[in-house]
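Me: I'd like to learn how to read a model like this one, feature by feature. Please show me the structure and start wherever you like.

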There are 2 protein chains.
Amino acid sequence: VVWKDDFARVVLIDDADYPGFCRVILNAHQKEMTALSAAYRARLMEVVFAVECALRELLAPDKVNLASFGNVVPHLHWHVIPRFADDPHFPNSVWSARIRNSARTLPPEFAESLRKRLGDLLKG
Amino acid sequence: VVWKDDFARVVLIDDADYPGFCRVILNAHQKEMTALSAAYRARLMEVVFAVECALRELLAPDKVNLASFGNVVPHLHWHVIPRFADDPHFPNSVWSARIRNSARTLPPEFAESLRKRLGDLLKG
């Protein structure tokens, strides 16, 4: 967990193929974005975009991918995935068939830097 | 095109596997959500959530999937996909390997109903 409050939390996923892959998870049990009030919806997107912003600053990915499926677990969460042209699926989705291997690693102290940046972006 | 203004447009995709699949496309050439101003970002999500809302009302899907990748075309767009337990990939993503066939069709006058509902939801 690299950020949390009473409303949501941000988890840095340990994925060898996708270092920096984060998940934003709503604490409340809700299934669809449009089941939330407009204010909660906006707040959840604010957290998602703060993660995108921090990942762009810290990793300079070629693209950031955002997705909310919840087909398996009917509990709202967002995938925020830094993508690189040499990653295992680029330019396809990370859920597509693998087309190459890659061995990208995170910069030193990445989790701490991410924690600090999200704290700044989401304070108040 | 089932809805448009100066800022964005909503396209109903002709996809036999995913009837009701919509794409929300920003008119301006921008690559990342966090490259937009907060106001434009909020407006684009408002359109995305209006489509989700209309699709839930008109099709009652088991889940709605939202995704913004843009790895191939670096031009912001969102996929809004009504998912059903008997669709070709459920509960996996629509970009995963196909696990079954399905033959779902849209209700009569669907495009017209969607057009009308989006007009109501996004007016003003």
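**Pockets, a cavity and helix pairs**

Reply: Let's start with the second largest pocket, which is lined by A:Phe69, A:Gly70, A:Asn71, A:Val72, A:Val73, A:His77, A:His79 and A:Trp95 from chain A, plus B:Pro91, B:Asn92, B:Ser93 and B:Ser96 from chain B. Before going on: this is a predicted model, where local features need pLDDT of at least 70 and side-chain atom pairs count only at pLDDT 80 or more, while totals for chains, interfaces and linings use all residues. Residues are numbered from 1 along each chain as its sequence is written, chains are lettered from A and ligands numbered from 1 in the order in which they are written, and side-chain values use heavy atoms, with hydrogens and water left out.

Me: What volume does the second largest pocket have, and how do its lining residues divide by class?

Reply: A pocket, on a 1 Å grid over the protein atoms alone, is an open set of points with protein on both sides within 12 Å along at least five of seven lines; a cavity is a set where a 1.4 Å probe fits but cannot get out, and lining residues have an atom within 4 Å of a point. Volume is the space filled by probe spheres set on the points, which are joined across faces, edges and corners. Here it comes to about 180 Å³. The lining has five nonpolar, seven polar and no charged residues (nonpolar is Ala, Val, Leu, Ile, Met, Phe, Trp, Tyr, Cys and Pro; charged is Asp, Glu, Lys and Arg; the others, Gly among them, are polar).

Me: And the largest pocket: which residues lie nearest its centre, and which elements give two or more residues to the lining?

Reply: Of its 20 lining residues, A:Arg41, A:Ala42, A:Met45, B:Ala42 and B:Met45 lie nearest the centre. Helix H1 (38–59) of chain A and helix H1 (38–59) of chain B are the elements giving two or more residues (helices are DSSP runs of H or I with at least four residues, strands are E runs of at least two, and both are numbered from the N terminus). The volume of this largest pocket is about 410 Å³. Its lining holds 15 nonpolar, one polar and four charged residues.

Me: How many cavities of 30 Å³ or more are there, and what lines the largest cavity?

Reply: The count is one cavity of 30 Å³ or more, and the largest cavity has a volume of about 40 Å³. Around it sit A:Asp17, A:Tyr18, A:Pro19, A:Pro82, A:Phe84, A:Asp86, A:Asp87, A:Ser102 and A:Arg104. That lining splits into four nonpolar, one polar and four charged residues.

Me: Now helix pairs. At what angle do the axes of H1(A) and H1(B) cross?

Reply: Two packed helices are described by the angle between their axes and the distance between the axes. For H1(A) and H1(B), the axes come within 11 Å and cross at roughly 120 degrees (axes are lines fitted to C-alpha atoms, for helices over the stretch in contact, with angles from 0 to 180 degrees between N-to-C directions). The two are therefore oblique to each other (under 35 degrees is roughly parallel, over 145 roughly antiparallel, 65 to 115 roughly perpendicular, and the rest oblique).

Me: Which residues make the contact between H1(A) and H1(B)?

Reply: A:Arg41, A:Met45 and A:Phe49 of H1(A) meet B:Arg41, B:Met45 and B:Phe49 of H1(B), where contact means heavy atoms within 4.5 Å. By class that contact has four nonpolar, no polar and two charged residues.

Me: What about H1(A) and H2(A): at what angle do they pack?

Reply: About 135 degrees, with their axes 10 Å apart, and that makes H1(A) oblique to H2(A). From H1(A) come A:Ala50, A:Val51, A:Cys53, A:Ala54, A:Leu55, A:Glu57, A:Leu58 and A:Leu59, and they meet A:Phe110, A:Ser113, A:Leu114, A:Arg117, A:Leu118 and A:Leu121 in H2(A). The contact has eleven nonpolar, one polar and two charged residues.

Me: And in chain B, how do the axes of H1(B) and helix H2 (residues 110–121) cross?

Reply: They cross at roughly 135 degrees and come within 10 Å, which makes H1(B) oblique to H2(B). The contact residues include B:Cys53 and B:Glu57 of H1(B) and B:Ser113 and B:Arg117 of H2(B).

Me: Last one, the backbone: which residues does a cis peptide bond join in chain A?

Reply: A:Phe90 and A:Pro91, with omega about 5 degrees. A:Pro91 is in the loop between strand S5 (77–83) and helix H2 (110–121) of chain A. In chain B, the bond from B:Phe90 to B:Pro91 is cis, with omega near 5 degrees. Also look at A:Ala60, which has a positive phi of about 45 degrees although it is not a glycine. A:Ala60 lies in the loop between H1 and strand S4 (63–68) of chain A.
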